[in-house]
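Subject: Structure for you to look at

Hello,

Here is the structure I said I would pass on. Please look it over first; my notes on what was found come after it.

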Amino acid sequence: MATGQLFSRTTQALFYNYKQLPIQRMLDFDFLCGRETPSVAGIINPGAEGFQKLFFGQEEIAIPVHSAIEAACAAHPTADVFINFASFRSAAASSMAALKQPTIRVVAIIAEGVPESDTKQLIAYARSNNKVVIGPATVGGIQAGAFKIGDTAGTIDNIIHCKLYRPGSVGFVSKSGGMSNEMYNTIARVTDGIYEGIAIGGDVFPGSTLSDHVLRFNNIPQVKMIAVLGELGGRDEYSLVEALKQGKVNKPVVAWVSGTCARLFKSEVQFGHAGAKSGGEMESAQAKNQALREAGAVVPTSYEAFEAVIKETFEKLVEEGKITPIKEVKPPQIPEDLNSAIKSGKVRAPTHIISTISDDRGEEPCYAGVPMSSIVEQGYGVGDVISLLWFKRSLPRYCTHFIEICIMLCADHGPCVSGAHNTIVTARAGKDLVSSLVSGLLTIGPRFGGAIDDAARYFKDAYDRSLTPYEFVEGMKKKGIRVPGIGHRYRWFLMVMMFLNHAKATNFEIWFSIIS
């Protein structure tokens, strides 16, 4: 276990299993603290590589995404913190893989429900290699004004309210992540704020203990006093009792163990955390509080009095000249995301697309003012719907029937016009005539409406060999190859005749005047 400070203003982390919100919160905290570089060096997302766009203040940055832990560590050798957002099923394996990397010094495991046997292996490996595990079942930790893990301390508003954008003088450690957020607020009200805060997690076997971090705080000069929030269940607090008795901690320790209400129940009570279950008198909150008090910690009579004793201890250190309260600084304004600003009514943004043919503002969508229910109930066909969308009105039946004939006759020619489509798109993109034409021609092949391509090839071959048309056709027949292009003219002639016959039967001139 490390004996001093875990984080600094230059600490960088690798984030396992991409989660946008906690990463963005880390980057916003970095900007709030005035860091020059983002604290997230890279993201590890198994099976994916590339970049993720996020904001560092007003600047949009691209954070590299790696598919494997080893590759990420090799690409970012200065990143020594591994933040693991994997599920409880894979958290142990990925955490062990990270611990085995020489560049990784601290691993934070967010997941709850990691098998205890796996956690024990992680703890044993970390301790034998002088590495730190925070969690499992943790929100993480924070060094005020320097670095934070994931969702630690919650929203930016809460971070500002708790003065976490600059360092204070209090070291804080707790089992509960939720109560850590509450205590950051409490400590900020009655002191100059925290210097470092850690939530070790609520599982039965945490990767690091309360006493591990208290002993670290004792070695950090900037930490002048220590606050500890424990809970009933387990015997972790007794290692802190022994450290106090042996004189290993020479800074004031204010402590409280929650769960005193458990004695009001007739049977054993399991609280929210897996480890918050009293297995005997020694594991009760009352016994732990008494042991801490006798060892020299400042222990209040209740949680409600916890804030008061923290304040008294801090003010005493100020009077003794051991603490010079930190001067307040005004943090920079974090730019607000456009979506949240619009949602809160702070800004308005113009629409980028205006539809004149469909409208979904009412209870049901409308096509050119005709409700969708009416289209279905009145038996509108495809031609009727197209007339509403294209011509913005209901055309006569002979017109919509003509549209349907066009669709039926051309339905199987989608691939054949893709070349023309590519030419149109290229031209609209601003390319020159030759580039636009080539982009369409090069997409035409034997299986892509390839009459042009193959006809040119076979006809040129026949010409080069001086074949007569009869010899050419007979030769192709013997090879079992259809002559490309032949038949298209006749087929399209039949289709055109169908169009003309329909137009004559429905008065072509009237129809033409309508569509034009």
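**What was found**

Of the contacts in the protein with a separation of 6 or more, 69% are between residues 24 or more positions apart, where a contact means heavy atoms within 4.5 Å. This is a predicted model, in which local features need pLDDT of at least 70 and side-chain atom pairs count only at pLDDT 80 or more, while totals for chains, interfaces and linings use all residues. Residues are numbered from 1 along each chain as its sequence is written, and side-chain values use heavy atoms, with hydrogens and water left out.

**Overall**

The protein has 20 helices and 16 strands; these are DSSP runs numbered from the N terminus, with helices being H or I of at least four residues and strands E of at least two. Of the 516 residues, 45% are buried. Buried means under 20% relative accessible area, exposed means over 50%, and partly exposed is in between, with a 1.4 Å probe and protein chains only. The protein exposes about 27,600 Å², and carbon and sulfur atoms supply 57% of that area. Accessible areas come from the Shrake-Rupley method with a 1.4 Å probe, and for residues only the protein chains shown count as cover.

**Helix H3**

Helix H3 covers residues 91–99, and it is largely enclosed by the rest of the structure because seven of its nine residues are buried. Those buried residues are Ala91, Ala92, Ser94, Ser95, Met96, Ala98 and Leu99. They pack against several elements, among them strand E1 (13–16), helix H2 (69–75) and helix H4 (116–128).

**Aromatic pairs**

A search of the whole structure finds seven aromatic pairs. Rings of Phe, Tyr and Trp (its six-membered ring) pair if their centres lie within 6.5 Å; planes under 30 degrees apart count as stacked, over 60 as edge-to-face and the rest as tilted. Phe15 and Phe85 are stacked, because their ring centres are 4.8 Å apart and their planes are at 20°. Phe15 is in strand E1 and Phe85 is in the loop between E5 and H3, so this pair ties together parts that are 70 residues apart in sequence. Phe15 is buried at 0% relative accessibility, and Phe85 is buried at 15%. Another pair, Tyr303 and Phe306, is tilted, with 6.3 Å centre to centre and 55° between the planes. Tyr303 is partly exposed at 26%, whereas Phe306 is buried at 1%.

**Gly197**

Gly197 is in strand E11 (residues 194–199) and is buried, with a relative accessible area of 0%. Leaving aside neighbours within four places in sequence, Gly197 is in contact with Gly141, Ile142, Phe172 and Tyr184.

**Helices H7 and H8**

Helix H7 (residues 210–218) and helix H8 (residues 236–245) pack at an angle of about 35°, and their axes are 7 Å apart. Axes are lines fitted to C-alpha atoms, for helices over the stretch in contact, and angles run from 0 to 180 degrees between N-to-C directions. Leu210, Ser211, Val214 and Leu215 in H7 meet Asp236, Glu237, Ser239, Leu240 and Ala243 in H8.

**Cysteines**

How many disulfides does a search of the whole structure find? The search finds zero, a disulfide being a pair of cysteine sulfur atoms within 2.5 Å. Cys33 is buried at 9% relative accessibility, and Cys162 is buried at 1%.

Regards
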